[in-house]
Amino acid sequence: MKKHVPNAITCLNLLSGCIGIVLAFNGNLIFASYAIIIAAILDFFDGFAARLLKAYSDIGKELDSLADVVSFGVLPSVIIYQLFLEAPQLGSLSVYLNYSAFLIAMFSALRLAKFNIDTRQEENFLGLPTPANALLIASLPFIVGGDNQFLKDYILNAFFLFILSLGMGILLVMEIPLMSLKFKSLNFNDNLYRYILIILAAVLILIFKFVAVPIVIFLYILLSIIQFRLVR
């Protein structure tokens, strides 16, 4: 039975993504964002369970990617699409521009397909991981629902949302080396940049709450670039 435990957790990840899509299309973006957070937690634990139980399988790897396409690709796209609808519309241009939200789903699927066959990504990533991108998008409804009117007006702008969708989509497939957050040991020198990221993320989230999430993703990319430049 133990070999089915990781796949069961992966299926719960998929279920969370499906429920989140329904919530997002019904306009409940906050709970849809919570669905992404739950899916991300489950995505961590399915891999953790597979390592703990030594229950690796080819079907588990494929199932994980299929679930991630829904939870970290389609669901974030629907959230962005709903934010497009909340933004001031740009006449006939918005009829087409709003659908650019689904660039996230397309690039996420491409990124996950590449990941499954790319042996270079066994220890580190090439391109932004789909959960990181999804968590950034999950933070937007919380920021929009907050008290900062400037940030709300900035996010609820069709051109900003278009640039965000295209830019994050490109980051998903661009071959930028990014560090994995999996710890093989607790050695400080081996995990220096991971520790720096975790400490900075904890401080920023404690101070700025959900506004800090995009900053943390930016720091993740920046620290990864610094790390791999130094290694090179």
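In which helix does Phe-25 lie? Phe-25 belongs to α1, residues 5-25. Before going on, some housekeeping. This is a predicted model, in which local features need pLDDT of at least 70 and side-chain atom pairs count only at pLDDT 80 or more, while totals for chains, interfaces and linings use all residues. Residues are numbered from 1 along each chain as its sequence is written, and side-chain values use heavy atoms, with hydrogens and water left out. Helices are DSSP runs of H or I, at least four residues long, and they are numbered from the N terminus.

Back to Phe-25. This residue is partly exposed, at a relative accessible area of 47%. On this scale buried is under 20% relative accessible area, exposed is over 50%, and partly exposed is in between, with a 1.4 Å probe and protein chains only. Leaving aside residues up to four places away in sequence, Phe-25 touches Val-78, Tyr-81 and Gln-82; contact here is heavy atoms within 4.5 Å. From the C-alpha of Phe-25 to that of Leu-192 is 41 Å, and 167 residues separate the two along the chain.

Now α1 as a whole. Its 21 residues should span 30 Å at 1.5 Å a residue, and the end C-alpha atoms are 31 Å apart, which agrees. The expected span is 1.5 Å times one less than the number of residues. Buried residues of α1 include Pro-6, Ile-9, Thr-10, Asn-13, Gly-17 and Ile-21. Down the helix axis, the buried residues of α1 fall within an arc of 165°, so they line one face. That arc is taken over the directions from the helix axis to the C-beta atoms. Among the elements covering the buried residues of α1 are α2 and α3 (58-86). After α1 comes Gly-27, with a positive phi near 90°.

Next, α2. What do its end C-alpha atoms say about its length? They are 36 Å apart, in agreement with the 36 Å that 25 residues should span at 1.5 Å a residue. Asp-46 sits in α2, residues 29-53. Is Asp-46 buried or exposed? Asp-46 is buried, with a relative accessible area of 5%. Its contacts, again without residues up to four places away in sequence, are Pro-6, Ile-9, Thr-10 and Asp-64. Just after α2, Lys-54 has a positive phi of about 55°.

Tyr-193, Arg-194, Leu-197, Ala-201 and Leu-204 are buried in α9. These residues cover an arc of only 105° around the axis, which puts them on the same side of α9. Exposed Ile-199, Leu-206 and Ile-207 are on the face turned away from that buried side.

Last, the second largest pocket. Its volume is about 390 Å³. Of its 16 lining residues, Leu-136, Phe-160, Leu-164, Pro-214 and Ile-215 are the closest to its centre. Which elements give two or more residues to the lining? They are α6 (130-144), α7 (149-155), α8 (158-173) and α10 (212-231). The largest share, 5 residues, comes from α10. By class, the lining has 16 nonpolar, no polar and no charged residues. Nonpolar here covers Ala, Val, Leu, Ile, Met, Phe, Trp, Tyr, Cys and Pro; charged is Asp, Glu, Lys and Arg; the others, Gly among them, count as polar.

A pocket is found on a 1 Å grid over the protein atoms alone, as an open set of points where a 1.4 Å probe fits, with protein on both sides within 12 Å along at least five of seven lines, and lining residues have an atom within 4 Å of a point. Grid points are joined across faces, edges and corners, and the volume is the space filled by probe spheres set on the points.
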